[in-house]
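Student: I would like to talk through the aromatic rings of a model with you. Could we take the labels one by one?

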Amino acid sequence: MSTSPTVTEREARRVAEQSRQTEWSKESFAKQLYLGDFRPDLIWSRTVTDADQQARGEEFLARLADHLREHVDGAQIEAEDFIGDDVLAGLIDLGVFGIKIPTEYGGLGLSQVHYNRALMLLGSAHPSIGALASAHQSIGVPEPVQQFGSEDLKASYLPRCAAGAISAFLLTEPDVGSDPARLQATATPTPEGDYLIDGVKLWTTNGVLAELLVVMARVPEHEGGRGGITAFVVEGDSEGITVERRNSFMGLKGLENGLTRFQQVRVPATNIVGREGQGLKIALTTLNTGRLSIPALCVAGSKWSLKIAREWSGERVQWGRPIGRHPAVAHKLAFMAATTFAQEAVVEIAGELSDSGAADIRIEAALAKLWCSEMAWRVADDLVQVRGGRGYETAASLQARGERAVPAEQLLRDLRINRIFEGSSEIMHLLIAREAVDTHLSVAGNIIDPDATAAQRSEALVAAAKFYSTWLPKLLTGPGNAPSSYADLGPSARQLRYVERASRRLARSTFYGMARWQGGLEHKQGFLGRIVDIGAELFAMTAVCAYAARREPAEAESAQRLADAFCRQSRLRVEGLFKALWRNTDARDEKLATRVLDGDLTWAEAGVLDVSEGTGPWIAEEHRGPSTESNVHRSYR
């Protein structure tokens, strides 16, 4: 039985809205794209990286690749479901846990681009290593402390993180996922000025071995404090912390992910990151760049899939020719090659935007996470299909009977979580959609807000009329209609003209949806999801064109072919999505789902056994108090 407090839909939305970063002080390519204003100039120019940092980054990547090749056995990690202390020690010595931490705090001080490339190498050695490093540095202690921590916090914890103090981020609870309004963990102020944290956190990646934790807990309103969900840095071995369980998953073997209980854990007020009540905003802002780690790991999986598919499709002969020469398989190879190159382009471009410091990448990072995780899954699924029965067989089994140990089925298991990690695809659609319509809500939100006064609605009507009278006409025609547009950007000008036209069409479609459904638009999640997916494809098309244009001369022609192939494939998907905006089965599907939930169709489930019945509740009942379990937290050094 769930013990979470009852939270209304309006209250949940209010909490989420208060946590958003509302200001737009920097330019955003994706934000403008959704408004019908195609700005390739915002991503075309390459970020100028400090020459010393660039050289140090390349040297580090070379050392990392050599080390992983010589000292890390991914098959052993997979078999033992464990990353050994010797492996962690080697990564610590290389500086893996301080890649982005500034040099003044003992880190390597490298760029987001080099960090992404390092994650690709780590993930290809074994995905659980990539997940460990990502959870530590992308969302663990280093990123929020670096962005929001006091100078004392930075001086206390960044050097420790860079030196190998692995960290974890603790937000999720047994009955709290993407709805933070239900968060139950509390941090109660004490007369001495400290806080006592109580609660249970679930799916704490790195939690089993973490020395340092970022914990989200709700501070009650109190004298001298605003209260609210707050971020704390907590020592992993503090009295009252018990790691009660190491969770096991379908993939990512070796991942140290746990269930952690807090019982009267004392934390000094100086360990608050930011200020009271700012925790969720800190978490979301941290994720703006932190989300780029998942697409980097997805690129690694797709690149490896392409390599294996190419080699196997040239080796395996059926009906007198290599299988890759048969169109049915050739189509898959073409999709894999084009999509892998596009994923790499998206990650590189997004990383450069982050490094530039001149762009707001909250939408770009979210699009990269959403699109790359979905596409990498399709690429890996195609690899398994191309490999046939060998794709379903484990690497250990293949090797045991004398064949190359290709872990294709493992990759499929490992990649699957990326469509859920750090915001499921469904949640990402809603998050991106909210940002995509932000300008519209800023202008006309009070028109559809049920709580708005008559005066506010009247004022909003005037503002909306003024905005749309100038904005809508701009969507009728643009550079995409002129045959010579974007010629200065290279051979992809034709594809860019399509993106410009599609961007205006996307903005018009969004406006039509708002006009048709008004306040009900937020419940048209099928429509909003397609709006987001169209924007994701257009972002990927622009990124791949920009990325191909900057390749070295020896690769320029083949890179352009890949970019062109991807854009042609993407255009078909975009056109299908545009059509489905208005011709779909959404309403009928939602009515059918209601009948399913109401139990009207249980007869359709008859004839099978449910072996999970009687094994426990859907969500374990949370109980406060001291732990009754053994502490499985382990020290790795």
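Student: Why is W517 called partly exposed?

Tutor: W517 has a relative accessible area of 22%, and partly exposed is the range between buried, under 20%, and exposed, over 50% (1.4 Å probe, protein chains only). So W517 counts as partly exposed. Before we go on: this is a predicted model, where local features need pLDDT of at least 70, side-chain atom pairs count only at pLDDT 80 or more, and totals for chains, interfaces and linings use all residues. Residues are numbered from 1 along each chain as its sequence is written, and side-chain values use heavy atoms, without hydrogens and water.

Student: What makes F527 buried?

Tutor: F527 has 3% relative accessibility, so it counts as buried.

Student: Why is the pair of W517 and F527 called edge-to-face?

Tutor: Rings of Phe, Tyr and Trp (its six-membered ring) pair if their centres lie within 6.5 Å; planes under 30 degrees apart are stacked, over 60 edge-to-face, and the rest tilted. Here the centres are 5.1 Å apart and the planes stand at 70°, so the pair is edge-to-face.

Student: And why is the pair of F29 and F539 called tilted?

Tutor: Their ring centres are 5.9 Å apart and their planes are at 40°, so this pair is tilted. Both F29 and F539 are buried.

Student: How do you know that R362 sits over the ring of W24?

Tutor: The rule asks for NZ of Lys or CZ of Arg within 6 Å of the ring centre and within 35 degrees of the ring normal. R362 lies over the face of W24, 3.7 Å from the ring centre.
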